[in-house]
Structures are given as C-alpha cells and as structure tokens.
Amino acid sequence: MTSQPAPPIQPTAPLVPAGLARPPRRRRVILAATSAAAVAGVSIGLVVATAGRGHSSGPAAGNAAGTTTATVTYRTLTSQQQVDGTLGYSGSYSIVNRASGTLTSLPSTGQVVRQGHVLYRVDTSPVVLLYGSTPAYRDLTEGDSGPDVRSLNADLVALGDASSASLDPTSDYFGAATAAAVDTLQANLGVSQTGTLIFAPGPVRVTSVNATKGTPAQAGAVVLQATSTTRQVTVNLDAAQQSYVKAGDQVTITLPDQATTAGTVTSVSSVATSGSSSGGSSSSGSSGSNSATVQVTIALRDPGATGTLDQAPVQVAITTATAPDVLTVPVTALLAQPGGGYAVEITGPGATRTILPVTVGLFDDAQGLVQVSGSGLQAGQHVVVPASA
C-alpha cells in the first residue's frame, strides 16, 4: 500500500486582549502595579501614606454632596482581561496528492472524514485516512519497520481489520499479519487494488477543495485543505501583555448569540509576530497592522455549546487572578490622598464620618469592587460612595 505524507498542523490564528482592566484615571498607577502582581496569583496592595496620621474626622473633600453609602463585605474577587477572540477549529492540513491518474471522487466542503474512510479517489482507487503522529513518507511493503508502520498496525487493529491477538498494535514491523490486515481493509473498502494512505492526528474537516473532479491528479498538488474537528478559540494578544495571561487561566466566552460558555487557556505563544491575522483584532487600543501579537489558544469545556460556526468573532474574559474571601468596597469609595495612597470615608453613629487609610489589592472590574485592608476596617461598616445618577 502506498503512503502519502500529511503536512504538520499549521498554527491557527491567535487572540487579542482588550488591555488591562483599569480603575478610574486617578488610580491608574496603583492598578497597573496591583494587576501585575495579581496575575501571579498574589493580591498585593500598596501601603499608603496619608497626609495626617491615624484617623481624621469630618466630611471628605469632594464627597460633601450627592453621596450615599455601601457596606464593607467579604467577597471573592477576580481580575479579568477582556479580549476579542475567534471561534473555530484547531489545526490546518494541506492534503497533497502523489497518485497518478484522474480524480474520480472528491469530498465536499464541511465534510468530516474519519479513520478508515476515503478522502478522495484517483482512477477509483481510494486515498484513505488513518490516524498517526508520524506523517506517511514512503511506500510501505512487507519487511519494512518504523514509526509509520507502528501507526498502521495500531490503526488496523482499531478498525477491526485485525485483532490484537493476531497483530500487535504496538509493533513497528510490517509482517505477514500486517499484510493480511491490509487485505482486509481493502476488502472492506470494496477495492482489490492497493490504495494510498494519509496519516493525520485525528479526524479531518474539509474546509476547501482545490482540485476538480475529472481532471488529472497532479503529483505534488494540494487537493484539499482541512482542519481538525476540535473546537477552540484563538486570540491575538498584544505582545506587551503576554505576561498577564498564562496556560491554565479560566475564561468565559460570550458567543455571537450572547450565550456564554467556559474554557481554559491551553497555550500562550512565546514568539511574537507583527501584523494582524485572522485570529481576532486587538481591543487594547492597538489597531495598526504593525503591532506585535502572540497567539493564545483556548480549549472549550463544552464544545457542543458553541455550535458549528467557523471563524466567528467572540468576546473572551480571561480570569488572571483570584482573591478569595477578602474585604471589599466599591471602587468609587476610594479617595486619593494628597500625600499619595488611598482612603475610604466611614460613616458612624450620629452621622459622624472618619477618613480611614487603606491598602488596595485586587481590582474586580466586573463587579466594580476593590480589595482593601487597613487598621480599623471591618465587614459591616458603611463607606461613602457617590450617589447613583
């Protein structure tokens, strides 16, 4: 049986971040510092220095009118990156023909071809897909050995053309048992002549057909393009923000119909490329084609929930850090102090108000909350915040 190589998977389009979540402008420097630390899984706040030591009473400047209160509570906060992504399929295959004759059968776009089935035919002779990590690169005959033969033996057993008792699926030797199993495979395909084998890591999904039925099969010509059947999301992430995302980060994906589904970052490329690609457009303020990006790949927890759309734009919220069971206040409760740092205004009995210095930690933009700590601060207290419009 003649073997034919299947080129390795080409990288799919990357992901693009929406830039680091930032608190209001007056806290920009603090947020950048805490976000970087939080990505490593540590919530670190800056110890602030206030103009006056300890507590100071009286209303805070800027909070005299249009205010209300919010309760200091214990909650779990998360830090997220909002990015644009692309929903599609992993892998990229170019199926190159080496058989001689006329193309007598071709697959249709969108068709999924699995192990032991025919990709296309030349002079009615089948080109059959088998699974294997080693590309087919030679004609296989009895007496050969190697990793491609090991893949062939394993596939013949998996397809039921031989039993593990008659053919060792881990063997890398093409012996009489392999030859007999190949004969059975051909019989099951309804052909008597030797066909061509193509090895791929798994099922392939045809994305385009480059050849025309009835035309000569050109040796070395690409017959069709395909992907795997594995659903994934990719993002083109600004290279400057690579350190904020890592493999294992949990994500929430918003689909085109506004439904959401979960996923996990599986890889973050260490190689930056210039120019935009089909994996998504940056939402971090970079719109030029010369911005450097890295590819981020996301596996889907429930691929079936994403339907069958290919190259569909999606929104991705990547959880880069978590601070469990911490004291929190609304971000709008923070008061920038003249000498640097932050404080909150606590209301007490008889409408008294106290300015309490705090250390800030993780910002959770989704909830509009920030982690705080400080001497005298405790759950159940009420902090002053601007009244809703």
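I count a residue as buried when its relative accessible area is under 20%. The model I am looking at is predicted.

**Entry 1: overall**

I then went through the secondary structure and found three helices and 24 strands. For contacts with a separation of 6 or more, I noted that 75% join residues 24 or more positions apart.

**Entry 2: helix α3**

I took helix α3, residues 176-189, and checked its length. At 1.5 Å a residue its 14 residues should span 20 Å, and the C-alpha atoms at its ends are 20 Å apart, so expectation and model agree.

Which residues of α3 are buried? I listed Thr 178, Ala 181, Val 182, Leu 185, Gln 186 and Leu 189. They cover an arc of only 145 degrees around the axis, so they lie on the same side of α3. I set beside this the general rule that an α-helix has 3.6 residues a turn, so residues three or four places apart point the same way.

On the face turned away from the buried side I found the exposed residues Ala 176 and Ala 187. I also looked for what covers the buried residues of α3; among the elements that do so are β9 (118-122), β10 (125-131) and α2 (147-158). After the helix comes Gly 190, and I noted its positive phi, near 80 degrees.

**Entry 3: strand β14**

I moved on to strand β14, residues 231-238, where eight of the eight residues are buried. Is one face of β14 covered, or both? Both are: I found Arg 231, Val 233, Val 235 and Leu 237 buried on one side, and Gln 232, Thr 234, Asn 236 and Asp 238 buried on the other.

I looked up the pairing of β14 next. With strand β5 (residues 73-89) the pairing is antiparallel, over four bridges.

**Entry 4: rings**

How many aromatic pairs are there? I searched for ring centres within 6.5 Å of each other, and the count came to zero.

I did find a charge over a ring: the charged end of Arg 231 sits over the ring of Tyr 89, 4.7 Å from its centre. Arg 231 is also among the buried residues I listed for β14.

Conventions
Residues are numbered from 1 along each chain as its sequence is written. This is a predicted model: local features need pLDDT of at least 70, side-chain atom pairs count only at pLDDT 80 or more; totals for chains, interfaces and linings use all residues. Side-chain values use heavy atoms; hydrogens and water are left out. Helices (H or I, at least four residues) and strands (E, at least two) are DSSP runs, numbered from the N terminus. The expected span of a helix is 1.5 Å times one less than its number of residues. Buried means under 20% relative accessible area, exposed over 50%, partly exposed in between (1.4 Å probe, protein chains only). The arc is that of the directions from the helix axis to the C-beta atoms. Contact means heavy atoms within 4.5 Å. Rings of Phe, Tyr and Trp (its six-membered ring) pair if their centres lie within 6.5 Å; planes under 30 degrees apart count as stacked, over 60 as edge-to-face and the rest as tilted. A charge sits over a ring if NZ of Lys or CZ of Arg is within 6 Å of the ring centre and within 35 degrees of the ring normal. Two strands pair if DSSP finds at least two bridges between them.
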